[in-house]
Amino acid sequence: MSKIRIGIIGCGGIAFGKHLSGLSKCKDAELAAFCDIITERAEKAKKEYGSENSLVYSDYKELLKNPDIDVVHVCTPNREHSFITVDALEAGKDVYCEKPMAINYEEALKMYEASERTGRLLTIGYQNRQTDENLFAKEICKSGRLGDIYYAKTLAVRRRAVPNWGVFLNDYEQGGGPLIDIATHALDLTLWMTENYEPEMCVGRTFRKLADSSPENQGNCWGAWDPEKFKVEDSAFAFVTMKNGAVINLESSWALNLADPKEATFALCGTKGGIDTFDGVRINFIDGGRQVIEKPDLNAGGAAYFDGVKTSATELDMHRWLKAVETKTKPCVLPEQALTVTKILDGIYKSAESGRPYYF
């Protein structure tokens, strides 16, 4: 069978750190084209991951004209996700777009509608679904062991880990800070675990309490950020109610004076038991009238194996995406699921801006 020919649009950090490294381990993938407005980046990607026949572009529209490209991966800043994805879908390409789906709900909706209209596959980069812990937790949720899940705590909280490169601190390009950057992963996991995609209302607050700290007092793990360029929130918190009565308590921050940070983690509480991923996977329930905490050993393998070979969450994510493309079946992350994640994030920002609850 011929390989799936892939075009990469945006050859920055996320492309090298996730997409190119993951796709290079997929035997059914051919990295056939690289595009970046800075041509040197595309050339570098070709040199490290392409072949002699790989093509280099500086204009993504030229790449989309190539009929030999089957799939496009969109790895650009958030603002560009929607229009590049829509153009790619309408050009007959299946699309893997990096998270978040778009800069806001309105733009994400355009992507979803384009996928529906064209019949092309669209998925969003929520690879954390593919970790050992989260695959196991998903099975627990599906089994009914937790009962009716009515409370969730969603965490994406760093102590001092502000990304000070690229456009992470640029509100125009990214649409926000840690809420849209890392809370998007934790929220996706929470909604996916519970299969609850019908939000009713949210109350949100954003803060810039540490963004203006002087460099000598930042203690940032990636070096000092420039307060003059820090145009997004450093923390955001929200309370979300769902139409079925369940609630989600969301916490996100790049820089918080918290001794025990947690990222892309959650706790779910149901009528029969609870589960969290704060320290591996922990399941709590009552047995024989006693409180019990069960902690499975996931080092033995199993859930995160693909074709008998243990692989990283990113590689597994890429394998399963390409399998969906090859078999013309639904991807692991459905566009309508990612659309709801963006819808909630957008609502939180709107609530924070207005100072009032936001009703979906």
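Predicted model: local features only at pLDDT ≥ 70, side-chain atom pairs only at ≥ 80, totals over all residues.

Colleague: How many aromatic pairs does a search of the whole structure find?

Modeller: The search finds nine. In one of them, Trp225 and Phe230, the ring centres are 5.7 Å apart and the planes lie at 75 degrees, so this pair is edge-to-face.

Colleague: Are Trp225 and Phe230 buried or exposed?

Modeller: Both residues are buried.

Colleague: Turning to helices, at what angle do the axes of α4 and α5 cross?

Modeller: The axes of α4 (residues 81-90) and α5 (residues 105-118) cross at roughly 5 degrees and come within 9 Å. Angles under 35 degrees count as roughly parallel, and α4 and α5 are therefore roughly parallel to each other.

Colleague: Which residues meet there?

Modeller: From α4, the residues are His81, Ser82, Thr85, Val86, Leu89 and Glu90; they meet Glu107, Lys110, Met111, Ala114, Ser115, Arg117 and Thr118 of α5. By class, this contact has four nonpolar, five polar and four charged residues.

Colleague: And α10: why is it described as largely enclosed by the rest of the structure?

Modeller: Because eleven of its 15 residues are buried. Among them are Glu315, Asp317, His319 and Trp321.

Colleague: What span should α10 have, at 1.5 Å a residue?

Modeller: The 15 residues of α10 (residues 313-327) should span 21 Å, and the end C-alpha atoms are 21 Å apart, which agrees.

Colleague: Which residue just after α10 takes a positive phi?

Modeller: That is Lys328, with a phi of about 55 degrees.

Definitions and conventions: Residues numbered from 1 in each chain as written. Heavy atoms only, no water. Axes fitted to C-alpha atoms, helices over the stretch in contact; angles between N-to-C directions. Helix = DSSP H or I, 4+ residues; strand = E, 2+ residues; numbered from the N terminus. Parallel < 35°, antiparallel > 145°, perpendicular 65-115°, else oblique. Contact = heavy atoms within 4.5 Å. Nonpolar A, V, L, I, M, F, W, Y, C, P; charged D, E, K, R; others polar. Expected span 1.5 Å × (residues − 1). Buried < 20%, exposed > 50% of the residue type's maximum accessible area, 1.4 Å probe, protein only. Phe/Tyr/Trp six-rings, centres within 6.5 Å; stacked < 30°, edge-to-face > 60°.
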